[in-house]
Amino acid sequence: MSSNHDEPLFLNDDPEELPGELTEGVWKLLIVDDDQEIHAVTKMALSDVIIANRTLEFLHAYSGEEALDALTDHDDIAMVLLDVVMETDDAGLNVAKAIREELNNDEVRIVLRTGQPGYAPEESVVKSYDINDYKTKTELTRSRLLTTVFSAIRSYQQLRTINENRRGLRKIIHSASNLMEKHSIVNFSEGVVTQLASLLGLRAEGIVGARAPDKDNEIIVLGAAGHFAGSINKTLRSLESQRIEQGVQRCLIERRHIQLEGATVFFIDGQEHQAAAYIETSESIENYDQELLEVFLANIAVGFENANLFEELRSAAYLDPLTGIANRAEFTRKLQQLSEYPNKNQVAAIVDIDHFSDVNDGLGQDVGNALLRSVALRLTEQLGEDIFVARIAADVFGLIGPVNLVSPQNLNELFKLPFRAGEHYIPLSITSGFTSGENPEQANGKGLLKQVYIALKNAKKNSFERFNYYRPYMEEETQRRLHMVRRLRADFAARKLEVWYQPQVDLNTGCIIGVESLLRWPQSDGSFISPAEFIPLAEYSGLIVDIGAWVIEEACQQIRRFNERDYNNIRIAVNVSVPQFRTRDFPELIEQQLNNHQVNADRLELEITESIVMEDPDFVADILYRLKQQGIHVAIDDFGVGFSSLSYLQKLPLDRLKIDKTFVHNSSQDSGRIIIETIVDMAHRLGLGIVAEGIEDQQQLEYFTRLQCAEAQGYYFARPMPAEQLMKLLERENGDCVSLSSSAASD
């Protein structure tokens, strides 16, 4: 194209374009040509053109490099009028290639122009780089240029719309999937604000509000972003903006989007729950793609229902349904948070109501439930918002808060006054365990829970004040005890436990008339663990029932061995524990063992403690009568140590009383002798035999002989010994009577 060509550059043959009302925005057109005159005449020809109610804005580049820079800086260029031949013969083609492959811009329309009529790009280039049109400069009258520009820009507009819709849908899917991961209704609602603002191309400034079901129809801010962030979980009224409050209320009442000055309120319509999203924007909602917004809001409505459902499930999982406060799972979660951020000014505690089962047993479960609700109410109201309160077991509450508030003194003060449960006013006492939030042991949430339970257990066992703070030695002792229980269970299964026997002597004849079976736990180094240590562990673990049954079996086997050696007058006494005695088929178990080993029942004596008697006297009496019907003897062990009523001596079928060795050791003192002589006199009057335990010297022997105490046992006669050693002792003298002298004790 040149200035001396016969045909004018642009003829006045415009296509018809009826301009309407101009809208905001322009179409950006990039002119790329190394000829300054081409830029001028192109701009002049198109300067007054309006396409789709928008004017044109011209950008200029004079080389391929400048063209790419302009396209990099402006991602909204609609059309490029691109000269093919500039600094090189294929400069324009290189620009077209870079636009599609390097800039990845598939929207901008490219029209190639050349001043060399014989030169044209290959067909493959036009297809590969999506060239919109190719013209020689001599072809472009003004009407043809306008037609080309109109066609290119409308093509750009359609592509842009399609791509925007595609990006919008992709963004909706991405936004919705992100929101579905936010199970908390607060996090979900905050995400709604952020994603809505993102779709609209705005900063995230807004709130999501919904009516609270239990707060007199009050609208609560569920989520917020931007300068509203501090309003989460507060009432809409707390924003102190009548315009926002009225707009959200109107949106929820009219169930539609509301346009306000400087904001839009979007209605989120779920099946059971509705919400309103208030977004600050000066743009009218009509300016945005309604369909995209509606699709997004439809997704939000489903997600909103899911988030509410999850919130309800979460409430069920972390709230105690009886009292309405947090439950054990939530308490453990709070402890986990405390463990992650240790704080010496925080303390965790558990409060156990003493003898709460008496309330349920005596007044009924309804009163018990009302009492628990009353306790929860007092704890939450009087301790204040700084204290986290949870019900973590039937009658156990957990607390987390400042050390000056969660203290034994404060808790005891709260329980000074009785609690109302229906028509009843019930006084309560508590036992408490505490652990510091400083967490020197670096325990996790479950570890802290274990610590407070260890402190509680120690308070129940050892503390007169009924509270205790966790100390590491407590856990070490617990671990040691559990380790011993495991070892005891393993050794019992491996039959490593032994039954030893201590002779009982008739004080009139000096003959052995019986033995007491005693449990021993030998160790690999030849030592023994004291029964005073491992018997309570066996009772604690429940293993004592199996061990007790085994001891009875061993005793019956030993009686049979006595019979085989013609020691027909020697009985065996076996201690019976509380759990063992309360076994439903205990009498039948005894009878079965006697039958299995074919021994007479009168050769077996069962020793029970006063604690067994006093737990349930009627039940004990029934069991003892059933045992007596079999011919089994019954003795009360450690008589006089407890504080039980003596009336049971008249009611129960007893054969003997065993005077505890603590009284025997005090027989040299006046006070000790008074107790002993009272017991002996009472036993004589009731027709009961007497066994004095723990005789260790000649003086004690002579004293009990003078009292006409029939039987005794102790180191003076013989120490406990294995069955083999006992049989050797009995074999020393052949005959019906095996006599023990003081020399026997030294053997």
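First, the conventions. Residues are numbered from 1 along each chain as its sequence is written, and side-chain values use heavy atoms, with hydrogens and water left out. Because the model is predicted, local features need pLDDT of at least 70 and side-chain atom pairs count only at pLDDT 80 or more, while totals for chains, interfaces and linings use all residues.

The overall numbers come next. The chain has 26 helices and 28 strands; these are DSSP runs, numbered from the N terminus, with helices being H or I of at least four residues and strands being E of at least two. Of the 747 residues in the chain, 48% are buried. Buried means under 20% relative accessible area, exposed means over 50%, and partly exposed is in between, with a 1.4 Å probe and protein chains only. On contacts, meaning heavy atoms within 4.5 Å: among those between residues at least 6 apart in sequence, 65% join residues at least 24 apart.

Now strand E1, residues 26-32. Here 6 of the 7 residues are buried, so E1 is largely enclosed by the rest of the structure. E1 pairs in the parallel sense with strand E3, residues 54-61, over 7 bridges. Two strands pair, by the criterion used, if DSSP finds at least two bridges between them. In that pairing Val 26 stands opposite Thr 55. E1 also pairs in the parallel sense with strand E4, residues 77-83, over 5 bridges, and there Ile 31 stands opposite Leu 81.

Next, a helix pair. How do helix H13 and helix H14 pack? H13 (residues 445-462) and H14 (residues 472-493) pack at about 85°, with axes 10 Å apart. The axes are lines fitted to C-alpha atoms over the stretch in contact, and angles run from 0 to 180 degrees between N-to-C directions. That makes H13 roughly perpendicular to H14, a label for angles of 65 to 115 degrees. The H13 side of the contact includes Lys 450, Ile 454 and Lys 461, and the H14 side includes Met 474, Glu 475 and Arg 481. The contact residues divide into 3 nonpolar, 3 polar and 5 charged. In that count Ala, Val, Leu, Ile, Met, Phe, Trp, Tyr, Cys and Pro are nonpolar, Asp, Glu, Lys and Arg are charged, and the others, Gly among them, are polar.

Last, two side chains. Gln 713 sits in strand E27, residues 711-713. Is Gln 713 buried or exposed? With 2% relative accessibility, Gln 713 counts as buried. Its side chain makes a polar contact with the side chain of Lys 658, at 3.2 Å. A polar contact is a pair of N or O atoms within 3.5 Å; within protein, one must be able to donate a hydrogen and the other to accept it, and residues adjacent in sequence count only if both atoms are side-chain atoms. Not counting residues up to four places away in sequence, Gln 713 touches several residues, among them Gln 502, Glu 516 and Val 691.

Glu 218 lies in the loop between strand E7 (206-211) and strand E8 (219-225). Glu 218 is buried as well, with a relative accessible area of 18%, and its side chain makes a polar contact with that of Arg 237, at 3.1 Å.

Key
Angles under 35 degrees count as roughly parallel, over 145 as roughly antiparallel, 65 to 115 as roughly perpendicular and the rest as oblique.
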